[in-house]
Amino acid sequence: MLEIQAIQKSNSTPDGHIVSDDAFRTIPASKDLTLLAGLYKAELESAAAAGAETIYFPSLSCNSQPLLFRAISQIYRTILDFGDAGDTSVKKVCILCEDDEIRNTYMVVWNFYYAGTKSARMNDGRWD
């Protein structure tokens, strides 16, 4: 299973495949999240074909919290399905969050919907 992390964006350049296309920063106006999932899947496949072990995606932004939750959940599902589909060089996917508020949102969605155990939760000490 791939490791997924929501991390604070920093000024240092991370080591790995960095996604910088603005299409990964916003939710499509149509609110069709399958388009977003397709972008992520294609980028994951491209990075894997290049032999990348770590991929860095930018965090999403959206004025609608419910839509943002749905989009983040769709992204996580796409990443997990990609990892489950077969052998890949990709071992870790990181979401580079612009600020602590968006990082917290990514962590909350992961913890509510994907962390099957307490030890699988994303936790930086603010819970527990």
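Me: What is the relative accessibility of Arg25?
Reply: Buried means a relative accessible area under 20%, exposed means over 50%, and partly exposed lies in between, with a 1.4 Å probe and protein chains only. Arg25 counts as partly exposed because its relative accessibility is 27%.

Me: What kind of model is this?
Reply: Residues are numbered from 1 along each chain as its sequence is written, and side-chain values use heavy atoms, with hydrogens and water left out. Local features need pLDDT of at least 70, side-chain atom pairs count only at pLDDT 80 or more, and totals for chains, interfaces and linings use all residues; the model is predicted.

Me: With which residue does Arg25 form a salt bridge?
Reply: A salt bridge is a side-chain nitrogen of Lys or Arg within 4 Å of a carboxyl oxygen of Asp or Glu. Arg25 supplies the nitrogen, and the N to O distance is 3.2 Å.

Me: Which helix contains both Asp81 and Arg77?
Reply: Asp81 and Arg77 form a salt bridge, their closest N and O atoms being 2.9 Å apart. Because they are four residues apart in their helix, they are separated by about one helical turn. Asp81 is partly exposed at 40% relative accessibility, and Arg77 is also partly exposed at 33%. The helix, residues 65–84, is H2.

Me: How far apart are the end C-alpha atoms of helix H1?
Reply: The expected span of a helix is 1.5 Å times one less than its number of residues. Helix H1 covers residues 33–49, so its 17 residues should span 24 Å. The model agrees with this expectation, the end C-alpha atoms being apart by 24 Å.

Me: Within what arc do the buried residues of H1 fall?
Reply: In H1, the buried residues are Leu33, Leu36, Ala37, Tyr40, Glu43, Leu44 and Ala47. Seen down the axis, they line one face of the helix, because the directions from the axis to the C-beta atoms fall within an arc of 130°.

Me: Which exposed residues does the other face of H1 carry?
Reply: The buried side of H1 is covered by elements that include S2, strand S3 (54–58), H2 and S4. The face turned away from that side carries the exposed residues Thr34 and Ala49.

Me: Which strands lie at the edges of the sheet?
Reply: Two strands pair if DSSP finds at least two bridges between them. Four strands form an open sheet with parallel pairing, in the order S1-S4-S3-S2. Each edge strand pairs on one side only, and these strands are S1 and S2.

Me: How many bridges join S3 to S4?
Reply: S4 pairs with S1 in the parallel sense over six bridges, and the partner of Gln8 in S4 is Cys97. The number of bridges joining S3 to S4 is five.

Me: What is the relative accessible area of Thr54?
Reply: Thr54 lies in strand S3. Leaving aside neighbours within four places in sequence, Thr54 is in contact (heavy atoms within 4.5 Å) with Asp15, Gly16, His17, Lys92 and Cys94. Thr54 is buried, because its relative accessible area is 14%.

Me: At about what angle does H3 run to S1?
Reply: Axes are lines fitted to C-alpha atoms, for helices over the stretch in contact, and angles run from 0 to 180 degrees between N-to-C directions. Arg103 lies in H3, and beyond its neighbours within four places in sequence, its contacts include Ala6, Ile7 and Gln8. H3 lies across S1, S3 and S4, and its angle to S1 is about 160°.

How values were computed
Helices (H or I, at least four residues) and strands (E, at least two) are DSSP runs, numbered from the N terminus.
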